[in-house]
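Follow both in chain B.

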Protein chains: 2
Amino acid sequence: MQDLELLSKVFEILKSEKVFDSSSEDIIFPFKDPDSLKSILNLELSNGSPKLNSSTQEDVLRKIVRYSIKTAHPNYHNEMYAGPDWLGLAASWATDALNACQFTYEAAPVFSLVESFTLEYFLKLCGFDGGEGVFSPGGSMTNMYAIAMARHKLVPGIKRHGMYGQQKLIVFTSEDSHYSVTKSVNWLGLGEENVLKIKTDDTSRIDTVELEAAVVASIAEGSKPLVVSVTAGTTVFGAFDDLNRVADICQQHGIWLHVDASWGGAAIFSERHKPLLAGLERADSVSLCPQKMLGAPLQCAMFLMKHSGLLVGCNASCAEYLFQIDKYYDISYDTGDMSVQCSRKIDSFKLWFMLKARGSNWFGASVDNAMSCAAYFHAAIATNIFFKPVRSEYQFTNVCFWFIPKRLQLSSPAEETKEWWAEVYKVTLALKEKMVKKGSLMVSYSSYPQKNLGNFFRLVVKCVPEPTIARMDFVISEMIALGYDM
Amino acid sequence: MQDLELLSKVFEILKSEKVFDSSSEDIIFPFKDPDSLKSILNLELSNGSPKLNSSTQEDVLRKIVRYSIKTAHPNYHNEMYAGPDWLGLAASWATDALNACQFTYEAAPVFSLVESFTLEYFLKLCGFDGGEGVFSPGGSMTNMYAIAMARHKLVPGIKRHGMYGQQKLIVFTSEDSHYSVTKSVNWLGLGEENVLKIKTDDTSRIDTVELEAAVVASIAEGSKPLVVSVTAGTTVFGAFDDLNRVADICQQHGIWLHVDASWGGAAIFSERHKPLLAGLERADSVSLCPQKMLGAPLQCAMFLMKHSGLLVGCNASCAEYLFQIDKYYDISYDTGDMSVQCSRKIDSFKLWFMLKARGSNWFGASVDNAMSCAAYFHAAIATNIFFKPVRSEYQFTNVCFWFIPKRLQLSSPAEETKEWWAEVYKVTLALKEKMVKKGSLMVSYSSYPQKNLGNFFRLVVKCVPEPTIARMDFVISEMIALGYDM
């Protein structure tokens, strides 16, 4: 078949475009502004068929790849994911080609077993005795699952009757938590004003005294605390809320404890860094996103909880035309009705395959290495006059800092005027733009309005592609080279 | 890198396992019950690392593929998707390898443009003048989007205050619609009892007289009609609701009209069959799933609506740390905050690439071919004594029928006793099991409790892999061969 010709060439096309093995000498991608890129790509479609022959098909694909960001480039540090684990990608290509769907044992026998096995494996890792879970498209959806499940457990009648006339349900989270908590509350009909964002301390951990006070106050006001959604690895600073302390509060007041471990959950594989997650086993539910630090190809995220039967209890619509009960095999593997989706992409196999091929020790060692690289980077910039760390300590692999060009370097912090800060914030933007347009280095930037901090850089070190001291050093030298005179 | 070795072999492994080009002589997959399959696959994980070398990696991958269903097999007719379009798959492999994420122009410049271009293309196809949309993981999520958007437009204050104390909001849909309407209503906090399932006529189209009566009655009861969610191509019978008639009702009462065209939306490419969607341009929103009939690799689904600004209005959380407004490019391509998700897989590029490579005429011709094959099959079984069609007419490519083995063939319909029907229903199950266990043919089955119809077969003809008359004939001859003596 002619169509297979292109497919047989994909690996070579990607290889020749340096998707797999770009080096520090290559650019990450050629930046173009939207209008220029549009005219380069020629996105317009026409009716005629067949439109492209196998040679022009290849040209189009190659151009798309060429102008895309090579996330596996050694100097790509822009997001909480980067280039994928290549073994995970091999697994992903296989499931894509099989075009199977996570739904029933009939529709995908192998992948039904793989998903259920993988979920059980991670339930155990979390210290849950039993329980259940579901792969979902991204961390935000898993956080929405948590609130939906907690609501169904607390007031099962809402499924039938809706939120009308209910006692107000309150979701507690920290001001540093991911915005998906608020987005979820909005969709679920709970109202954004019923998300109470608790202040964090100087290390971005939730203030548990204020949390407990807020819980008590909301009960006194006649509301019903629904969920405390804490974070294990916040987006900006990588902070881990004190799970045990929060679990005490939740236990005392009978509140569902959800841990959004989308970013920091990877620590579960490391004997050394697992204490960051101490108390996880006391949670009602957990979000894990192996698509972030562990490098599972996008998308790969899990919602896990220690309760059984709630997924069906909350989500089942019992559509008899799809979920027949009179089947020729054990229907306990027909998990479609446990999900709020119908057909789901196979997200479990790549993760299982990575674990099978590498062994779980490999993941622990990778997390340890990422932590070491982040610690090295933080120590290095702390004593470098071109850098000013935002925090003096970090709990995870996030390192936030400002770049200080020559002209803004001060002899004493006392000289840090408002005008000086305004200049530093401008430098962040200008240097970011310069790095992207040169294509040599990508590091994200962020602001932190909670403490009135303007734009700073945020480097997040991931396990894949494998970080090294040399890569950390490059960030420092390249930023100085580009920003020295700014 | 050793990891790339496996990746470079994936195409050949899949090819040798006949994922791409199995013929009618090959089995679709070797059926095993869950316990046997578990012991064959050896899913257990261990700690040691590295666990597998490149040769055993290949063995594991090969075994997973071997026991998986080959959805591109010519006799696989089990689901509303089948083997993927191979050009779409090539595009999918490329985006997987790039591991990009639909979020901001910064994170994925090329794919931000591709998504926005593709959405605009489909908005125009639907006859929407302007509007906006978003790729979402599957049809169910797009239906949830529709209800969430309609709610935000009708009562924007719910975002802030929740559903408490609101006037009851009613969702109208037909009893033949997809169960995701109910699932969505549950999650959104509207209450399943506030989904009014309107009866369908003998062709499975929504009864518009009853719909209008229900709307009027709900207003009289003090409720507020929120959405009428109709279906263009129902799951079981492929029925198309009368969009123009329903649009009249919605217009008169100021109700959001959503069209779930997840299955039937493919007709939009066919000049000949487009009239099935007459009135689509009058809808407020539409769900399209090119992952179904058109063969775009899973997952590929779009929510489209004719209103602009509502996605941000409803979904934005304005997380300043993620969506900076002081960027070095035009931030109108930063669509992350329009979605209820955060990071999203790149689902648009494979569809755009299929359109680019094939031209849209190809899609029209494919739909016409699928319709012809379905019509041929229906005509063939209507006159064959081994088959009894459930309906005498079909609007789309769904053909539902019972298989009648020799011993149950009657000389007159008058002889169809209750006992006879019970036997026919049993034959459906027994024949299904026989087909699967032989591995020669997969056709799904369904029941239809609304009209008290027991298990029947449902063949759904898709565009990819290309259906032919020979493939239709095989279904007939194989079922007779296996079921003759049942």
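Helices α14(B) and α15(B) are roughly perpendicular to each other, because angles of 65 to 115 degrees count as such and theirs is about 105 degrees. This comes from a predicted model. Helix α14 covers residues 418-438 of chain B, and helix α15 covers residues 469-483 of chain B. Two packed helices are described by the angle between their axes and the distance between the axes. Here the axes lie 10 Å apart.

Which residues meet? From α14(B) come B:Leu431, B:Lys434, B:Met435 and B:Lys438. They meet B:Glu478, B:Met479, B:Leu482 and B:Gly483 of α15(B). Four residues of this contact are nonpolar, one is polar and three are charged.

Now turn to the sheet. Strands of a sheet pair through backbone hydrogen bonds, either parallel or antiparallel. This sheet of chain B is open, has seven strands and shows mixed pairing. Its order is β2-β8-β7-β6-β5-β3-β4. The edges are β2 (132-135) and β4 (195-198) of chain B. Each has a single partner strand, so one side of each is left without a neighbour in the sheet. On average, neighbouring strands are turned by 20 degrees against each other, direction ignored.

Four bridges join β2(B) to β8 (residues 302-305) of chain B, and the two strands run antiparallel. In one of the pairs, B:Phe135 has B:Met302 of β8(B) as its bridge partner.

A helix also packs on this sheet: α8 of chain B, residues 180-187. Helix α8 touches β3 (169-174), β4 and β5 (224-231) of chain B. The direction of α8 makes about 165 degrees with that of β4(B).

Methods. Residues numbered from 1 in each chain as written. Chains lettered and ligands numbered in written order. Predicted model: local features only at pLDDT ≥ 70, side-chain atom pairs only at ≥ 80, totals over all residues. Heavy atoms only, no water. Pairing = 2+ DSSP bridges. Axes fitted to C-alpha atoms, helices over the stretch in contact; angles between N-to-C directions. Contact = heavy atoms within 4.5 Å. Parallel < 35°, antiparallel > 145°, perpendicular 65-115°, else oblique. Nonpolar A, V, L, I, M, F, W, Y, C, P; charged D, E, K, R; others polar.
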